[in-house]
Amino acid sequence: MDSARLADKLHGENLIDEASHQKIIAADSSRLFSLNFELKSLLYAGVLLLTGGLGIAIYKNIDSIGHLAVILLIALISAACFTWCIMKKNPYSNEKVTSPNIFYDYVLLFGCLTTLSFTGYLQYQYSVFGPFNGLAFIIPAILFLISAYKFDHIGVLSIGITCLAAFLGISITPTSLISENDFSSDRLIFTGLFFGAVLVVAGRFFSQQNIKKHFTFTYYNFAMHLLFISCLAGLFSFGTVILFVPILGIIIYICIRHSMKERSFYFLLVAAIYGYIGVSYLFFYLLSSTLGMSILYIVPLYLIGSAVMMIRYLKKYWKKIKGNADLQ
Amino acid sequence: MLIYNKQWIDNLEIQEQSANWLKKSFISKEEFDAIALKYESLYHASNMFVRAGMFLFTLLIIVSSVGLFNLFALASNQMAIALQSLFFGGVYYFVTANFVKQRHYFRSGITDALLYASVISASTGVVFAFSGNNFAFNLDPVIYIAAVLPIFIFASIRFRDAFLALLSFIGLFTINVLLVLKAGTIGKLILPFEGMIFSFIIYWISKSWKKREGWHYWKKCFSIVEAASLVTLYLSGNYLVVRELSNMLAGSFIVPGEDIPFAYFFYAFTIAAPLLYVWLGMKQKNYMLIRAGILLVAAGIMSIRYYYSILAPEIALTVAGIFLIAVAWLGISYLKIPRNGITSVEDDDSRNEAFEAIGSVLVSRAAGGTIHSKEDNPFGGGSSGGGGAGSAY
């Protein structure tokens with residue numbers, strides 16, 4: 001049933017008064033068909049294709065253009081993007097600031113991507129930072145983190161965090177987190193745990209100071225996956241149960257608390273899945289030596305029993321979260 | 001036919017609509033409570049993540065149970081496998097129906113998993129039963145598909161499941177193609193046109209059935225079949241598909257200088273049909289047509305480029321990028337003032353969180369590529385990459 005007809009019906013049954021009825025009818029009749037999403041997607045695709053195309057073109061013609069010219073061009077583009085954004089941007093506030101127009105977000109993004117190319121290029125071609133390769137990551141990382149707050153852009157914040165992680169030697173793209181990191185090295189595992197903890201603290205600090213609270217999710221989301229994967233990797237490759245099990249417990253506890261506080265089921269579900277993997281591993285790790293052949297029967301029985309428990313538990317928490325939402 | 005309580009579904013929809021009004025403060029909290037009291041429903045609004053979690057763990061239970069059962073009674077005989085699969089299909093179905101009827105599960109990951117397991121299990125049973133005494137499955141594929149299709153259609157109607165409706169449509173379309181091909185040379189020649197007509201008929205049927213009185217409960221099923229039939233309608237006449245398929249079926253390759261029959265029609269169709277979709281979508285204010293059109297235009301251009309690549313890739317990418325930005329720019333500025341009820345300004349209802357999520361992933365891919373091209377990192381540990389997960393959960 002469409003909105004106007006439903007409003008008529010409810011009004012006829014005296015469930016909503018005349019004023020509300022009028023508001024709904026007015027909103028419905030003035031409602032427009034918005035192509036915002038479609039046009040933005042085209043813009044997005046256009047920016048990506050253009051960047052890709054120019055990148056390949058430069059790469060192919062580097063001999064005829066010359067490195068210096070290319071670097072200057074990239075720097076110019078990036079500077080132009082940032083200048084335009086500074087001119088257009090709305091005044092800073094600790095709250096969420098709306099973009100002045102549709103193109104703003106993309107220009108800023110384009111500027112950031114070119115900055116990244118710029119520093120990378122400088123280091124690759126001229127070794128500007130000498131042996132300190134990390135500077136090629138940490139300088140843009142700082143720039144992006146500041147820009148994210150100044151221009152209020154979550155995408156830039158994500159790139160900033162990623163650069164910072166790259167500076168520490170970890171790859172945290174969604175597609176590369178597991179495949180491109182060698183998690184059997186203890187250095188990487190502890191760096192991951194450390195960086196995850198830093199992100200949690202940073203996210204918590206900014207949200208407590210009421211600075212850009214809508215960024216908190218991004219911090220916590222990065223942190224959660226990084227912490228869980230580092231911790232499980234530690235558990236699997238070293239089997240240092242006494243060290244990693246308490247860490248796993250702490251991370252799960254923080255996730256549950258956070259999800260109850262924010263009434264976000266997402267954090268709870270992710271914690272449940274990672275936690276389930278960890279606990280199941282532990283279960284079989286401890287029992288595999290003692291059980292022998294009977295493990296064939298124990299495995300499915302364990303999986304059935306534990307999955308039933310997980311469903312019950314998720315249901316219970318979902319009801320709790322929803323209950324809290326109703327109280328609001 | 002529907003296993004769910006229709007009254008409750010309607011009431012839940014009214015509640016959801018009213019909640020939306022409350023959010024926009026069109027109605028007061030008291031009015032909302034009065035509506036929720038009058039239109040009460042034992043079904044609850046679901047959450048994507050809850051549903052996904054339940055689905056995952058239910059699937060784990062199902063798989064483990066089958067494993068455990070087979071430890072005791074390992075079936076190796078054809079008939080035994082068929083019987084066991086049919087039996088399990090029946091059990092899952094019974095449990096699903098019981099959950100829905102007794103415990104009023106609605107849009108629940110548990111019933112989703114059980115229903116899919118039931119359909120897959122029953123279909124496996126039927127296929128094994130039909131294939132007779134060996135594992136070769138050498139019957140005509142049409143027979144297998146036709147044999148399991150009723151199961152899919154029945155389940156998609158009874159549980160108004162959109163995914164099963166989509167699979168049913170794909171099965172139906174495949175049967176249609178295989179039957180036409182049985183007509184030999186003529187069949188191969190008319191297949192593209194027959195495919196278009198068949199898709200159009202299905203599109204038309206599902207569009208008109210969706211509007212029937214009391215059939216709105218299956219709205220999502222019809223919508224997904226509509227979208228899928230638009231895609232098959234396009235693919236039936238897409239130059240690349242027609243050419244490759246005729247190569248495959250004829251077993252010979254088109255020599256240079258030669259082309260498939262009616263080649264010019266297919267060139268025109270490959271590009272023009274998606275544009276027509278977009279145009280019709282704007283006229284009818286139908287998002288599905290517009291989105292399908294935009295994606296298919298891109299597919300059409302790439303299909304033609306596959307055979308005739310005039311521009312070097314980097315030039316093509318750059319030109320395409322500039323063109324897209326220009327189109328978006330023009331569209332955004334032209335539609336700033338609404339024209340014919342179409343606007344480029346953001347609308348609360350269509351505000352798409354998925355877009356932001358997809359956007360962030362794309363950004364991180366792009367940034368990842370940039371960082372990736374550089375040399376090793378300071379510690380020499382894991383290799384580097386970029387980006388991050390979405391911002392819109």
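Predicted model: local features only at pLDDT ≥ 70, side-chain atom pairs only at ≥ 80, totals over all residues.
Me: What percentage of the residues in chain B is buried?

Reply: A residue counts as buried if 20 or more other C-beta atoms lie within 10 Å of its own. Chain B has 393 residues, and the buried share of them is 31%.

Me: Is helix 5 of chain A roughly parallel or roughly antiparallel to helix 6 of chain A?

Reply: Helix 5 (residues 67-88) of chain A packs against helix 6 (residues 104-126) of chain A with the axes 8 Å apart and at an angle of about 150°. Angles over 145 degrees count as roughly antiparallel. Therefore helix 5 of chain A stands to helix 6 of chain A as roughly antiparallel.

Me: How many residues of the contact of helix 5 of chain A with helix 6 of chain A are nonpolar?

Reply: Helix 5 of chain A contributes residues including A:Ile71 and A:Phe82, while helix 6 of chain A contributes residues including A:Val107 and A:Phe118. The contact also holds 7 polar residues and 1 charged residue. The number of nonpolar residues is 15.

Me: Which residues touch the most other members of the largest nonpolar core?

Reply: This core has 113 residues. Its largest share, 14 residues, comes from helix 10 (residues 216-238) of chain A. The residues that touch the most other members are A:Val156 and A:Ala223.

How values were computed:
Residues numbered from 1 in each chain as written. Chains lettered and ligands numbered in written order. Buried ≥ 20, exposed ≤ 12 C-beta atoms within 10 Å, placed from the backbone. Axes fitted to C-alpha atoms, helices over the stretch in contact; angles between N-to-C directions. Helix = DSSP H or I, 4+ residues; strand = E, 2+ residues; numbered from the N terminus. Parallel < 35°, antiparallel > 145°, perpendicular 65-115°, else oblique. Contact = placed C-beta atoms within 7 Å. Nonpolar A, V, L, I, M, F, W, Y, C, P; charged D, E, K, R; others polar. Core = buried A, V, L, I, M, F, W, Y, C linked by C-beta atoms within 7 Å.
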